[in-house]
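Please open the model in a viewer and keep the selection panel at hand.

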Amino acid sequence: MTNPRLILDTSACCRIQRSSKRKEIEVHFETTFRGVVSVQTLWELMDRISGGDGSHFLEDQQAFNIAAGRRHPRMLPMPIAYAIETVLKLPRPKAALNPESLLRMYTVITRATSRDELYSGVALVRGAKQLTVFAPDIVRQQQREGEEAHVKRLKWAQCKKVVLPSADKWASDMVKRLGISLDAEQSHRLGESLDAAYRFDMEIWRLATAPKSSYKPENHQNDWCDLQQTMYLCDPSIHLITADNPLCKKICASQQANRVHYLPDYLAMSGLSI
């Protein structure tokens, strides 16, 4: 039987990287799951490097290796594109950041010997004269656009005091932004498959629109990344492990909650510790 697939979010990667039991944990994951890397985990780990001064470069680099697992790294496409392809069996929408370009970024980062080398150029083939430079701008731009759209949407909801649409309408609206129109059956199927993401969004929406709410969307931009992570659960073979307990609580009412694991609890149930 094929092992289920596993996404480690940034919080889990960083927690494992600091653990004295790291090797034991990695071996367990390798034998229990097939590791895959989400776009959001890669983005956030890249942010740690681009925003740092290089003094923790090796630790940051190790977090990438933890995310990818000890075998050949497998990069996932953008979450909504993955859902369209996996659930609806439609062609995956084209994106500036596809799995091939993400794998290239990962390779550049993990082969560099220092942060300085990342920005001066890394030889992807040993002995080659051609160097590849770390250029996170397109990643940062797409992340910023996603976060800004998320904040704008929540501020609109706060202002209008509207309720979150049904899961079917919510899913249909999500893909309409990509120029894709769904019929009623497709909308229902996609909404049902994105249950964890919908539940997560519902909790954020309730916080934002509650009477006398003091919730400020601009102070919670990272919620957008967490929402994106939960979209991958549209694939029944994917599990998500996080060290962010609030994320687990936000989707606890979802039918997919049994595939989202809080790292310390999961390790304890597996006879391990962090």
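A residue counts as exposed if its relative accessible area is over 50%, and as buried if that area is under 20%. With this in mind, note also that the structure on the screen is a predicted model.

**Stop 1**

Begin by selecting K89, in the loop between α5 (79–87) and α6 (99–111). Is K89 buried or exposed? Its relative accessibility is 64%, so K89 counts as exposed. Next, consider its backbone. Most residues other than glycine have a negative phi. K89 is not a glycine, yet its phi is positive, at about 60°.

Remain in this loop and select K94, which also lies between α5 and α6. K94 has a relative accessible area of 87% and is therefore exposed. K94 and M78 are 16 residues apart in sequence, and their C-alpha atoms are 9.6 Å apart in space.

Then move to K212, in the loop between α11 (195–209) and α12 (222–231). Here too phi is positive in a residue other than glycine, with a value near 55°. K212 has a relative accessible area of 86%, which means that it is exposed.

**Stop 2: the sheet**

Strands of a sheet pair through backbone hydrogen bonds, either parallel or antiparallel. In this model, an open sheet of 4 strands shows parallel pairing, in the order β2-β1-β3-β4. Which strands stand at the edges? They are β2 and β4; each has a single partner strand, so one side of each is left without a neighbour in the sheet.

Select β3, which covers residues 238–242. All 5 of its 5 residues are buried.

The parallel strands β1 and β3 are joined by 4 bridges, and I7 stands opposite L240 of β3. The pairing of β3 with β4 (residues 260–262) is likewise parallel, with 3 bridges. In β4, Y262 is the bridge partner of T242.

**Stop 3: the aromatic rings**

Display the aromatic side chains. How many aromatic pairs does the whole structure contain? A search finds 7. Select F29, F33 and Y266, which ring pairs link into a cluster.

**Stop 4: the enclosed space**

Rolling a probe the size of a water molecule over the atoms shows where empty space is left. The structure holds 1 cavity of 30 Å³ or more, and the largest cavity has a volume of about 210 Å³.

Select F29, E30, G35, G69 and R70: of the 19 residues that line the largest cavity, these lie nearest its centre. Then colour β1 (5–8), α2 (22–32), β2 (34–35) and α4 (57–68), each of which supplies at least two residues of that lining. Which of the elements gives the most to the lining? It is α2, with 4 residues. Colouring the lining of the largest cavity by class gives 10 nonpolar, 3 polar and 6 charged residues.

**Stop 5: the open space**

The last stop is the largest pocket, which holds about 660 Å³ of space. Select I80, G146, L178, W224 and Q228, which lie nearest the centre of this pocket among its 22 lining residues.

Next, display α3 (39–50), α5, α8 (137–160) and α12, each of which supplies at least two residues of the lining of the largest pocket. The largest share, 6 residues, comes from α8. By class, the lining of the largest pocket divides into 13 nonpolar, 5 polar and 4 charged residues.

Methods:
Residues numbered from 1 in each chain as written. Predicted model: local features only at pLDDT ≥ 70, side-chain atom pairs only at ≥ 80, totals over all residues. Heavy atoms only, no water. 1 Å grid on protein atoms, 1.4 Å probe; cavity = no way out; pocket = protein on both sides within 12 Å on 5 of 7 lines; lining within 4 Å. Points joined across faces, edges and corners; volume = space filled by probe spheres on them. Nonpolar A, V, L, I, M, F, W, Y, C, P; charged D, E, K, R; others polar. Buried < 20%, exposed > 50% of the residue type's maximum accessible area, 1.4 Å probe, protein only. Phe/Tyr/Trp six-rings, centres within 6.5 Å; stacked < 30°, edge-to-face > 60°. Pairing = 2+ DSSP bridges.
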